[in-house]
Amino acid sequence: MATWDLTQTKHHVLLCNGGSCNRNGGEEVTVAIRNAITEAGLDDRVHTTRTRCNGRCEDACVMIVYPEGIWYQNVTPEDASRLVEEHFLKGEPVASMISHRFDQQSFVREENTIPGILKSEKIKK
């Protein structure tokens with residue numbers, strides 16, 4: 001196991017590998033994003049973490065980028081180079097793929113994104 005020096009890290013990317021995402025290519029997306037990061041020479045600037053379910057299964061495959069708080073939806077391996085180039089190199093998130101973004105108070109759902117249910121509503125049932 002490695003202990004990474006994160007002092008040069010600018011972005012932390014969470015790559016969903018939960019059930020729905022894996023059924024929709026989560027493993028392939030993870031490999032493609034990691035390869036694109038390496039090819040762009042950004043290994044020290046962009047840290048990735050493979051996660052389990054992030055709770056947005058209808059958006060599979062999901063990729064979350066911090067510290068910006070950008071949630072990407074329907075990510076495919078073919079999107080990897082574009083996401084790395086535009087978001088991590090140019091600093092311009094790919095608007096057409098965003099489901100939610102943090103606005104300093106809470107996450108804001110983008111237009112045409114499935115609303116989902118509140119966790120508090122599910123608990124009451």
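Is Glu86 buried, partly exposed or exposed? At 24% relative accessibility, Glu86 counts as partly exposed (buried means under 20% relative accessible area, exposed over 50%, partly exposed in between; 1.4 Å probe, protein chains only).

The views below show a predicted model, in which local features need pLDDT of at least 70 and side-chain atom pairs count only at pLDDT 80 or more, while totals for chains, interfaces and linings use all residues. Residues are numbered from 1 along each chain as its sequence is written, and side-chain values use heavy atoms, with hydrogens and water left out.

View 1. Strands (E, at least two residues) and helices (H or I, at least four) are DSSP runs, numbered from the N terminus. Two strands pair if DSSP finds at least two bridges between them.

**View 2. Strand 3 pairs with strand 1 and with strand 4.** Four bridges join strand 1 (residues 11-16) to strand 3 (residues 63-66) in the antiparallel sense. Here His12 stands opposite Tyr66. Strand 4 (residues 70-72) is also antiparallel to strand 3, over three bridges. Ile64 faces Trp71 across this pairing, standing opposite that residue. Three residues separate strands 3 and 4 in their hairpin. In the turn, Gly69 has a positive phi of about 75°.

**View 3. Trp71, Phe102 and Phe107 form one aromatic cluster.** Rings of Phe, Tyr and Trp (its six-membered ring) pair if their centres lie within 6.5 Å; planes under 30 degrees apart count as stacked, over 60 as edge-to-face and the rest as tilted. The count comes to two aromatic pairs. Trp71 and Phe107 are edge-to-face, because their ring centres lie 6.1 Å apart and their planes stand at 80°. This pair links distant parts of the chain, 36 residues apart: Trp71 in strand 4 and Phe107 in strand 6 (residues 107-109). Phe102 and Phe107 are edge-to-face too, with centres 5.2 Å apart and planes at 65°. Trp71 is buried at 14% relative accessibility. Phe107 is partly exposed at 36%, and Phe102 is partly exposed at 34%.

**View 4. Phe102 and Phe107 are bridge partners.** Phe102 lies in strand 5 (residues 98-102). Strands 5 and 6 run antiparallel, joined by three bridges.

**View 5. Arg50 meets Glu27 in a salt bridge.** The N to O distance is 2.4 Å (a salt bridge is a side-chain nitrogen of Lys or Arg within 4 Å of a carboxyl oxygen of Asp or Glu). The structure holds five salt bridges. Arg50 sits in strand 2 and Glu27 in helix 2 (residues 26-39), 23 residues apart. Arg50 is partly exposed at 37%, and Glu27 is partly exposed at 35%.

View 6. Arg82 is partly exposed, with a relative accessible area of 37%.
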